[in-house]
Every structure is written in structure tokens, then in C-alpha cells.
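Biologist: I would like to learn how to read the features of a model such as this one. Please take them one at a time.

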Amino acid sequence: MVEAIIREIYLRKQQKRPVETIYFGGGTPSLLSQEELNQIFAALKDCFDIAPDAEVTLEANPDDLNPEKLAELKQTSVNRLSIGVQSFAEADLLYMNRAHNAGEAIACLQNAQAAGFNQLTADLIYGTPGMTDATWQSNLQRLFDLNIPHISCYALTVEPNTALAHFIKKEKAQPVDEAQAARQFELLVSAMSANGYEHYEISNFCKPGQYSRHNTAYWQSKSYLGIGPAAHAFDGKNRSWNIANNAQYMKSIQSGKIPSETEILSETDQFNEYVMTGLRTTWGCSLARIKSWGADVEQHFLRAIVPYLDNGQMVREGDVFRLSDSGKFLSDGIISDLFMV
Amino acid sequence: MENFRNFCIIAHIDHGKSTLADRLLEHTETISNRDMQAQALDDMDIERERGITIKSHAIQMDYTHTDGKDYTINLIDTPGHVDFSYEVSRSIAACEGALLIVDATQGIQAQTISNLYLAIEHDLEIIPVINKIDMDSAMIEEVKDQIIDLVGGKREEIVLASGKTGQGIDEIMEAIISRVPSPKGNVTEPLQALIFDSTFNAYRGVIAYFRIMNGKLNKGDQVRFMNTGNEYVADEVGILKMENVAKKSIGAGNVGYIITGIKESKEIKVGDTITLAKNPCVEAIQGFEDVKPMVFAGIFPIDNDDYEDLRDSLEKLQLNDASLVYEPETSIALGFGFRCGFLGMLHLEIIQERLWREFGMSIITTVPNVSYRAYLKKGDKELIINNPQDLPDIMLMDRVEEPYIVAQIISKPEYVGSIMSLCIEKRGEIKNQVYLTESRVELTFHLPLAEIVFDFYDRLKSISRGYASFDYEITDYRKSDLVKMDIKLNGDNVDAFSSLIHRDKAQAFGRRICKKLRELLPRQQFQIAIQAAIGAKVIARETISALRKDVTAKCYGGDITRKRKLLEKQKAGKKKMRQIGSVEVPQKAFLDVLKLD
């Protein structure tokens, strides 16, 4: 697989394209050895113009990050770790079928800091069945105590056709309680604010200025390349994605062909994506940008937001429209209302 | 005239009528193999997809028989569904013979029997054909018994055939030539022609199909339609091949078409008699009826701006289907629309589908109801009630009457118990029970028509595992204890959901509708109360809790396209919703609320 990934990097070689962020994610990239990571970096440097201050993030599970592994990683270009903590409560970890226990979660964060990784982000999940508000608050408090600069918090979502959805249907797992999730979201928002974190995207919080530069690029419609199975790429107008099947991916790359599909975004698609990604962030949607799609689009937008400005789920500040805290947890419905179809 | 043969086909749905007709068209080379597509006579897409015949069709075949003579054979295809039985009876009146097609694996069904009786009443020569004899589960001897029980005759006169393999087609042709009598009529008498169908062509106007009983019809003749009294010039007359073929003249015994420049099919009534203005026949052919729609429902455009388009579409549909009636209606919930009358539930479904398919109309249909009669205390004045909103105040009303039917159900003895329970639950009364053979029972019930409008047929099929066939005829109106039940969403009455229902059924029906709506209405940012009420009295209630969480947790590079598409789909769904007070009701709710399971 590493060979195929390197081959794809060469197939996508674009001289002089500056690269500002690199993200190793999806699956468990912390399984890669130091040598494999360095091979990939070498290929990237060979093919692209990587900025000296590039943000290079690696996703990792707590059970993969022992002190030796952290020391190895420090020898690579990785300068930011995204750690899938999920929870510090054993019951939640069990419900979510995680390999690590609560003790490992704390230890790995401390070890990472000790190894010199200052740019850290941790994931937490809330709204899991049986999670009390007290457990949720204490999970957050652990990260505050460790002074983790960036935190992503996800409301447990039961996606259709997943094992969890199946178990809930068969009454082998408890269903999700929406009222609990909504309450814990409110707790989250106020705890973050009280501890000096900025709520800059629906599920993302950071100490002032410590945004995930990589993810922010997704939300600001910047161009990106995706390498590996199921990876997505975007150039401002076209989005393409590689085939998800590992074997088929490798076979195609071996024959020198990137196995990807491309979608050309129409003007309407671009507007809808702008509304969707923009409203989810603290930067909101600006009228100036919306006007660039034409007077019709602007009129549509200004008409569609009226009920949400009236009920306080959206706010206007000068030229910029954002979701209020009360709108954020109902954002999907609001965003789809503002779409043009 | 002795070389003419006119016949129709009587068969239950799916017994292979259209396929067998295809084989006859091939055999007589009326249609070349190249042009052949399955169900050649069914030219509406919806007919091919559903495998049913909605409109009657006719086609002429030229055939040289083994006796060396040339024959002209007219096949008149008939619809098989109870909703269209008037069209069947007119097609039958235009023929001298009928092929009775029975599926070898299924035996005789109720629908077949009622159409068969129509044919026997008109003295048609019946040629029984057992179809699908190539199937493993064919019960040829048993089906022969059933046929002989019904129509008499000899076992060896029953033709064994397979539309699939083409077996028996020669024998069918032989039987048509030798057993179906040639038409009797006199070409020198004044013109007397029966209209058995009509269609609408955007360029030519209404095309009427007729069978000439006596006399002849020439191009350019001044004709009179006896029941409507209207007169027209026969701009074009002709015979019916795969396409219409214009002729100078059509004589007694033959089947043909006439174009007179009529633009509205309302002017042409199936069953009417065509004669010549100058030399009219003495009397019209008997049996003409104005078909009365029995099921009514409101049809509304999803988008109020489409009201005019809906009117145009209904007008065009009516050109083609004169049994559709409509008049403007206003609903508080749905805005401007039309109250439409249909022959039955299948007819309603077909109109819904054709509006969508042929005109691209997105519509909402209200709860259907039958046609009631209300009598006022003052002067015993009769009011026809086709809309629940029109029911007079209970204080002013002496009584309400509802239509009753006599229903024939044929099934197997083991299902008799469940069928009886179903009919009794539906306020039915058993009138008769006859064993047709050891394994087939015919049950006769009196039932209120309103009870079969909703889910009767589906339930009958499910309790009998498909081994029940059903036919009905409206008999009379009877006094009934009817109430108007309203459905409220957060206190706002949704008039489109209002129904007239027997008092004893109201609570159970109200509960079911509320429960169904609970499944069908999307959750919103506030709680929704669904109530069923008679007057001010609430008889059923359900609650939909407020939406508290509607958020995508992760929206990164790989999620954006998928998420955008999902939300776009949601938005497209919302566009089809109706605002009732503060509650948004999806179109699906209006359509599916009656699909009670």
C-alpha cells in the first residue's frame, strides 16, 4: 500500500504547487513505521513545494501511541497529532467498541506532550446512551486540565446501515436520546467558552488562533489533493475521489492510472457548499461572496434566512451571517432550507 | 357481410389476454414481427407497465382461412377491471362472439364471470380458451369443469392454448371463423352505429370507434349522435389496422372510426348511436347510460402557481377519458384545486399517474369518498354530497344515505371464514354462498361502497393469499349513521384529510390515521399534536416530539459532497411540502395516509 501511495504521489506530481498542510487520516495511519512515513515525505517533497511551516497532522489511536512510537514520530515531519480519545469513561469506550481503555487515553496525551508534540488535538464523543452530564463534563475537564489546544467534539450519530443502527433496531443497543445530546451540546459550548476555547466550527474548538489549518481549508473551499483509497481532492470547481476498495486501488495504481471519479460542481453546487461549510464555521457566509453568484442567488438567500433571523437561530453582523448557538444543533435543516435546488 | 367476424376477449387480469391477442395479430400478419412488441394493443405506457388494459381498443385483421375464403375479423379488446365495466359492456354489444380466456393455473375469477354474463346477455357466441397450458401448474381438466359449469357446452369445444408458445392459435382462428356468427344487419337500412370507444388525438380531435349495425357511413355524410342530438360532418371515416386507414365508406357489420372535428370528448358518449341526419334510423341502440362517477377526491397542485396547468391537464385528460369529471374546489389546507369524480379506486390511481407521467403535474390527492345523498328536514330536499365539506349541519339534516353494492367473491373454501369476517367488519351482509366446484366457492355480499374504497381489495388478497377474485355492482342507496371526521395538526383543521365515515368506525379509523400521520410527518423544531375529531370532540390523538438534534457531526473533505447531496435531497423534499398552520406536511403524507396496513 505504501508503495502504491508513493506511486500515486508521483502520478499527481505538480511542480511549484505550494503545499501548506498535510494530513494523514482515515483508518489508522499511526500503524505506519517511521521508515514508511519518511518514504512518503520524501516522495511528497520530491513532487510538491512543501512550505517550511507546513502543518503535518497524523491521526492516531491512543493504544498505538506508546513513548517509543512517539519518539519515532518526532523523527519524521509530523508536527501535529490528532488523537481519537472518544471518552475517558470505560462504559462509553465499550459501547463504541474501542480498543483502548480510559487509562491509556490519559497516558498517551501526557506522553505526546512529553515527547514534544505541542500541537495536539483530541476527539471526544457525547450523547452516547447512558452518558451522564457529569461524565461528559469530567471528560472535557480532563482535556482542559492537560491544556490540549484543540478539541473536536462529535455528537454520536447513528448512520443508517451501520452495525450500531442494526443493533439499535434489534434492541441489542440503546437508542440515542436526542434531548440528552442537545443538553450535552449546550454544556459543551458553555464549558469551552468558560475555558477560553473558540468555537470555530460546529464540532471544533481551539485555544485562540490554534485552528486546524488543514480542516479550515476544507471549509474555505481551498484546493486539496487526496492520496490513497477513498481520498477526496478538490480544485475549486471539481471534486474527485479515489476508489475505496484497497485491492482495486492498488491494482489500478500499479498500471499507472489513478482510479478516481470526478464531479464538476455547478454554480448552484458551489453556492450550496459555500452555505453548508460557511455556516458551520465562525466565519459564516458573507453577502459579498454570495453576490458573486448573481442577484437571483442573493435574493434567494436573503429571503430564505428571514425566519431564522427572526427566531434567533441565525445572526447577522454587518455583511456576515452566522448560526447562533441555538441554531448550531439544528444546522442541517437550516442549511438545507438555504440551499438552492 | 358473411365474411365479417367481430369478437372480443373476456379474461381476468394476468390471464394472458394481451399476449394471446399479440399471437393472433402475428398469425394474421396484421403486425409484422419487426413492429411487434409485447401487448401491442395496449399503447399507453401505463398499460404495458401494469399489464392491464384501461381503454378499449379495436383492430381489424384480414385473414385467408383454410377454406380458401378471405375474412375480415375485428377484435375489440376490453378492459378487465371492475372500474371500467361500462366500457366492457359497450365493447360486448359491438360483437357477435367472445373468446373466454381462462388461465389454466388459476381457473375462473369473479371478474371473468361478471363480464361473461354480460356477453351471454348479449347472445354472444362464447369460445372458451384455456391459456397457459404449457405451465407446470396447469389444471386443465379442473378448469374445463369450471367452464362447463358456467357456460355449458362440450369439453372438446374448449380450445387449449398457450400465448407463450403459440399453441392453439390455429384452433382459435378456426373457432372464430366457424363458430362466431357473421353479423346480421342490413346495409340498405338507415345508418345505425354503436359508439363503443373514443380517443383523443391532439391534431385530429376526438376519434370515435363504432360498430355499424345497419346501413353504411360515407365520408362527408352529415351524421347525428342520437343521445346528445348533436350533428357533425364525417370528415374522415376508416377502419382500424395497427394504424387508422381512411376509407370512402364503411358498411353494416364492420367496425371503424369517425373523425368529425369534435374537440372535446365530452361531446362523444360511449354507447351513443350514430345515424344520418337526413335519413335517421327509427331508434337508438339500447343500453346507453351516462356513466356516473362513484368515487370522489380533491386533486390539488403541490405548487399553487400550477393551478392553471392542472386545469389544462385535466381538460386534456378528459378529452381522452370522458368518465373523468371535475369541478373547481378550494381547500384551506391545499389552496385551489379540483374535486374529481372517478369510476373507482383504480381509475383514481390511473388518473393520478397519468397527470404525473403525461403532464408532469405534481399533485396532492385528498382522502377519497363515495357519493352520498343527504336529505334536509325542510322539504326533504336531496343534496348530492361529493365532498365531506358539503355535508349539511346535523341539525338541518333529516338523514344521509350511502351507496350499497352487491359483491361477488370467488375463492377457495378454506378462506371463506376470513372473507366473511372481513365483509362483516366492513358492514357487509352475506346474501348467498354457492360451491361452484368442490374447490371454489362464490360468496355474495351486500356492502356499503365506502367500505371497499380504502383497503378492501388489498386485504381480501392478503387473507386469501391471492386466491380470491372480486367484482361488484352498485345496487341502491341506504340510510346510514355518518359523521364527518376531521384531522387537526396543532389545532389547525386539515380539510384535505376530512372524511365522512360511519359512526361505529370513526374511532378506529381516526386512530389509524393519527398513527399513520405520526409516521409520515417529519419532526419539526416544535411538538406536533395530531388529533382526529368529530365536531369538537377529539376521538384520537398522537404526538410528534420536537426535533432537538439535526446536525452533521463531521464535515471534512471526504464528507462534503455526500452531505451536500443529502441536504439537497432534503430541500427538494421540503419543496413538495404543504404548510398547514405552522406544520409542514409532505406530499407523501397526503398520498400514503390511506395506505393503512
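Biologist: How is the accessible surface of chain B read, and what part of it belongs to carbon and sulfur atoms?

Modeller: Accessible areas come from the Shrake-Rupley method with a 1.4 Å probe, and for residues only the protein chains shown count as cover. For chain B the accessible surface is about 25300 Å², and carbon and sulfur atoms hold 47% of it. This is a predicted model, in which local features need pLDDT of at least 70 and side-chain atom pairs count only at pLDDT 80 or more, while totals for chains, interfaces and linings use all residues. Residues are numbered from 1 along each chain as its sequence is written, chains are lettered from A and ligands numbered from 1 in the order in which they are written, and side-chain values use heavy atoms, with hydrogens and water left out.

Biologist: How many of the residues of chain B count as buried?

Modeller: Buried means under 20% relative accessible area, exposed over 50%, and partly exposed in between (1.4 Å probe, protein chains only). In chain B, 58% of the 597 residues are buried.

Biologist: What secondary structure does chain B have?

Modeller: Helices (H or I, at least four residues) and strands (E, at least two) are DSSP runs, numbered from the N terminus. Chain B has 14 helices and 34 strands.

Biologist: Next, the interface. How much area do chain A and chain B bury between them?

Modeller: Buried area is the accessible area (1.4 Å probe) that two parts lose on being put together, summed over both. Chain A and chain B bury about 3200 Å², with 52% of it on carbon and sulfur atoms. On the chain A side, A:E178, A:D332 and A:V341 lose the most area to chain B, together 21% of what that side buries. In terms of contacts, 46 residues of chain A meet 28 residues of chain B.

Biologist: How many residue pairs are in polar contact across this interface?

Modeller: A polar contact is a pair of N or O atoms within 3.5 Å; within protein, one must be able to donate a hydrogen and the other to accept it, and residues adjacent in sequence count only if both atoms are side-chain atoms. The rule finds 28 residue pairs between chain A and chain B, both residues at pLDDT 80 or more. α16(A) gives the most to the side of chain A that touches chain B, with seven residues.

Biologist: Why is α16(A) described as largely enclosed?

Modeller: Seven of its eight residues are buried, so α16(A) is largely enclosed by the rest of the structure. Among the buried residues of α16(A) are A:D332, A:I334 and A:L338.

Biologist: How many salt bridges are there between chain A and chain B?

Modeller: A salt bridge is a side-chain nitrogen of Lys or Arg within 4 Å of a carboxyl oxygen of Asp or Glu. The two chains share six salt bridges, and the count over all chains is 41.

Biologist: Which parts of chain A does the salt bridge of A:R280 and A:E201 link?

Modeller: The side chains of A:R280 and A:E201 meet at 3.0 Å, N to O. A:R280 is in helix α11 of chain A and A:E201 in strand β6 (residues 198-201), 79 residues apart. A:R280 is buried at 2% relative accessible area, and A:E201 is buried at 1%.

Biologist: Last, a single residue. Is B:Q109 buried or exposed?

Modeller: B:Q109 is buried, at 8% relative accessibility. It sits in the loop between β4 (97-103) and α4 (110-121) of chain B. The side chain of B:Q109 reaches the backbone oxygen of B:Q106 at 3.2 Å, and a polar atom of that side chain lies 3.4 Å from the backbone oxygen of B:G107. Not counting residues up to four places away in sequence, B:Q109 touches residues including B:H12, B:I410 and B:R440.

Terms used
Contact means heavy atoms within 4.5 Å.
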